Amino acid sequence: IFIYGVVCYAIFFGTFLYAIGFVGDLIVPKSIDSAPQGPLGQALLINTLLLGLFAVQHSVMARPAFKRWWTRFVPKPAERSTYVLFSSLALIALFAYWQPIGGVIWDVQDPIGQAVLYGLFAFGWGLVLVATFLVNHFDLFGLRQVWLYLRGQEYRPLNFGTPALYKIVRHPLYVGWFFAFWATPTMTAAHLFFALLTTAYILIAIRFEERD
């Protein structure tokens, strides 16, 4: 179970790094802004289904009722790692089958403007990573659970707290995603579609998360 947890984490971290290139149109072979490959209607439908797949997986598997049912088949120490694995697979499917749309909403050519937007983009991804450590990065991604199991220790849920940035803003993690998805010198139609749908999903998910 410990090895399984480590493998799931490694897949997640590789997916996280690829996501930076995918959203930022950096290095990766296929990005959110690649050249269009098919009809607009077909592209919008496929992209909506891909984002919907991630949203459903990410939300349903996080619900307490689902966890109670799911852990009848998956060992409790591996539950979080399995959730992380399924989330990573949903993102990998999105990267693989994403349909670029083409069309430019804005295109900042000024070097200073580009530098500012790339800086905000990097700030967003950095904030996401930092925020995970503020709430316990290793528990969030399942490593703490499998490590305690390896040591023969009982899992103890984390206490609720408001460390550092959480004293200032309610959801630093989500603020980071907003910067990561919206800060770009070149906003294509596909990127805008992605940013709008992910923003809507985050705002809806917050209500369920806070209720839980």
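Reader: Leaving aside neighbours within four places in sequence, which residues is Phe-181 in contact with?
Author: In this predicted model, local features need pLDDT of at least 70, side-chain atom pairs count only at pLDDT 80 or more, and totals for chains, interfaces and linings use all residues. Residues are numbered from 1 along each chain as its sequence is written, and side-chain values use heavy atoms, without hydrogens and water. Contact means heavy atoms within 4.5 Å. On that basis Phe-181 touches Val-23, Met-187, His-191, Phe-194, Ala-195, Thr-198 and Ile-202.

Reader: How many residues are in the largest nonpolar core?
Author: A nonpolar core joins buried Ala, Val, Leu, Ile, Met, Phe, Trp, Tyr and Cys residues through side-chain atoms within 4.5 Å; buried means under 20% relative accessible area, exposed over 50%, partly exposed in between (1.4 Å probe, protein chains only). Phe-181 and Phe-194 are among the residues with the most contacts inside the largest core. Helices α1 (2–24), α2 (40–60), α4 (76–97), α5, α8 (172–182) and α9 (189–211) each supply at least two of its residues. The count is 30.

Reader: Which helices do the buried residues of α2 pack against?
Author: Helices here are DSSP runs (H or I, at least four residues), numbered from the N terminus. The buried residues of α2 are Ala-43, Asn-47, Leu-50, Leu-51, Phe-54, Ala-55 and Gln-57. They pack against α4 and α9.

Reader: Why does Tyr-118 count as partly exposed?
Author: Tyr-118 lies in helix α5 (residues 111–134). It counts as partly exposed because its relative accessibility is 42%.
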